[in-house]
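Dear colleague,

Here is the structure I said I would pass on. My notes follow below it.

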Amino acid sequence: MNTKRIIPCLDVKNGRVVKGVNFQGLSDVSSPVELAKYYSDCGADELVFYDITASAEGRRLFTDVLCETARTVFIPLTVGGGINTVEDFDRVLKCGADKVSVNSGAIRNPELIREASRKYGDQCVVLSADVKRLDGQFRVFAKGGREDTGLEAIGWIKKGVDLGAGEIVLNSIDTDGVKGGFDLEMLEAVSNAVSVPVIASGGAGKIEDFITLFETLPRVDAGLAASIFHFGEVRIPELKKALRERGIPVREV
Amino acid sequence: MVAIVDYGVGNLFSLVSSFAAIGVEAAATGDPEVLRRADKLVLPGVGAFGDAAAALRQSGLADVVTEAARAGTPLLGICLGMQLLFDESYEYGVHPGLGLIPGQVRAIAERIPPQLKIPHIGWNALRFTGGPCPLFRHTKEGAYVYFVHSYAAVGCEANTAAVTDYGAPLTAAVWKDNVYGCQFHPEKSGSVGLDMLRAFCGKEAGAC
């Protein structure tokens, strides 16, 4: 039986880990390399590195940090942020990334998903969507949640899978940073619409939120979170123990 | 030295790094002379079987790998590199493999319940079959390893060292004389995976 994955997300700016609440008010947390190694040792099943830098210098720092992490951490690494072209895929894959997540770049140019999945395989292409309720529908936002694209989320995600996305990260802007639990309603709608793995993101505040997620929505494959892990509010060994006790399959290390 | 066969398919950064992490000299190379002289060979691979098999043949390295393996050089195929060890694959047509281990590669969709997701992505447990495999010298049954695949080997029961259960038992590792194959990624399976690479290189288990 495949285990449910627990995935810490590291937002990286200028080579350091940061995490905002509702995408605003970022604060420096730690070194990505150190944090990645710590999480790997704790039993994290995968890591997401999200590059929120815009400058060329920041990009270089990011790939340096990514290379250094891939030299010392041997679990799957997903990279996102600033991925707009197949060349961007190449840049991070050469530094040790296993999967690449696209968001705004794919909204601007959906063919990016098709080109990248043909070149690197579906398993390499993760479609990340920042979604918020607006005008009675789930709406896709771009640019880190700041810009309404007008796209209806379920249709967009289905299109992404048809183009070749092998996995979906669904980040609910409505629950992100609130720590009141994952957005079960939104996640159910998405996981019923696609057959590829769905990773839940946004809203986890405590261990029970992960239990509720996997018990309520058995088709969701993984739970992703950032600050609750970074600040030690939820510790991964304790989280996995609690899941295991509820009969939810997780990897033991 | 461990030579990782570089035939232009996939990214070898993590694989090279994983050998460095266990203190084994390894290099990714497409140089036939270096491959022939290597103590051990690793055959990686991602993407579609037909493309990879064609790339391996066009680079001239299919013969180099096959001859070295037949001469007794330890060979480890990983993921698609493992699938290439078999007679043939049915991924988008029928494509011949290297024929080092008897068996075929078939879509897992043919054998697992339709509600299960494909690709099989994530951490799953190993169940050992057959006798003790040297690759698992440091590995306990039930250990979790990282899989990413939509196809798996069939008809290779005599050489199967481990399976993983995903709606049906899927071939996870094979072993025939000096030739080994892992459907999962040891270089992405944490300390469990590194211990398998140590076993392949004749090294003792790691500290953790």
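To begin with one residue: A:Ile168 touches A:Leu127, A:Ala129, A:Ile157, A:Val190, A:Val194, A:Val196, A:Val198 and A:Ile199, leaving aside residues up to four places away in sequence. Contact means C-beta atoms, placed from the backbone, within 7 Å.

This is a predicted model, in which local features need pLDDT of at least 70 and side-chain atom pairs count only at pLDDT 80 or more, while totals for chains, interfaces and linings use all residues. Residues are numbered from 1 along each chain as its sequence is written, and chains are lettered from A and ligands numbered from 1 in the order in which they are written.

A:Ile168, A:Val100 and B:Val65 have the most contacts inside the largest nonpolar core, which has 160 residues. Such a core is a set of buried Ala, Val, Leu, Ile, Met, Phe, Trp, Tyr and Cys residues joined through C-beta atoms within 7 Å; buried means 20 or more other C-beta atoms within 10 Å of a residue's own. In chain A, 54% of the 253 residues are buried.

Chain A has ten helices and twelve strands (DSSP runs, H or I of at least four residues and E of at least two, numbered from the N terminus). The C-alpha atoms of chain A fill a box of roughly 45 × 45 × 35 Å along the principal axes.

In chain A, A:Ile207, A:Phe210, A:Ile211 and A:Phe214 of α8(A) meet A:Glu238, A:Leu239, A:Ala242 and A:Leu243 of α10(A).

Regards

Key. Buried ≥ 20, exposed ≤ 12 C-beta atoms within 10 Å, placed from the backbone. Contact = placed C-beta atoms within 7 Å.
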